[in-house]
Amino acid sequence: MTRIGIILGSTRPNRRGPQVAQWVVDSAVRRGDADYELIDLREHPLPHLDEATPPMAGPSVNAHTRAWAERVGSFDGFVLVTPEYNGGVPGVIKNAFDHVCAEWNHKAIGFVSYGVFGGVRAVEQLRSVCGSLGMADVSQLVAISVLTDFENHTTFTPREHHLAALGKTLDQVLAWTAALAVLRTNSEPTLADA
């Protein structure tokens, strides 16, 4: 069965991301159309890019990077739950992308973002990063406002339009994941910028 990793892209204390990511996981699992699994970046503490050679040069000598590469490589596609920090992508997410290369190639990715303006500026930046890694980012996104979609600014209260958008995001991720399957099995990795 198709395996989709749902990446929780915040590691800071008192983060709002776990409740959003759990909502995504719970909603996705109810569909029964793929295996969905949470990937919490807090459980993969990667140092700021510490590789002596670019990830596209091959396997790392570092155990933490090899473990991360194995984790990423085990999925067929992804949904990234990302906050927006200061108008952009959290550094921990960019660092996680930068640690490996081939493991991201030819995989679909969708976005669930949250922030004052729904996190859309972080997603804009992430689309460029994912494209450079040979990923197919889907057009539908779930944008969540921390001002209106969190009760008392702490508890995520999804609405019907969030669930509808998530359904479309997951549909697109699965469709693109299936379409890219032949590329994942029959081609060399895309070269990303060193």
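Colleague: At what angle do helix α1 and helix α5 pack, and how far apart are their axes?

Modeller: This is a predicted model, where local features need pLDDT of at least 70, side-chain atom pairs count only at pLDDT 80 or more, and totals for chains, interfaces and linings use all residues. Residues are numbered from 1 along each chain as its sequence is written, and side-chain values use heavy atoms, leaving out hydrogens and water. Helix α1 (residues 17-31) and helix α5 (residues 160-186) pack at about 65°, axes 11 Å apart. Axes are lines fitted to C-alpha atoms, for helices over the stretch in contact, and angles run from 0 to 180 degrees between N-to-C directions. Helices (H or I, at least four residues) and strands (E, at least two) are DSSP runs, numbered from the N terminus.

Colleague: Which residues of α1 make the contact?

Modeller: W23, V24, S27, A28 and R31. Contact means heavy atoms within 4.5 Å. On α5, the partners include L163, L166 and L170.

Colleague: Switching to the sheet. What is the strand order?

Modeller: β2-β1-β3-β4-β5, open, with parallel pairing. Strands pair if DSSP finds at least two bridges between them. The edges are β2 (35-40) and β5 (136-145). Neighbouring strands are turned by 20° on average, direction ignored.

Colleague: How many bridges join β1 to β2?

Modeller: Six, with β1 covering residues 3-8. L8 stands opposite D40 in β2.

Colleague: And which strands does α1 touch?

Modeller: α1 packs on the sheet and touches β1, β2, β3 (77-83), β4 (108-115) and β5. Its direction makes about 165° with that of β1. α5 also packs on the sheet, at about 165° to the direction of β5.
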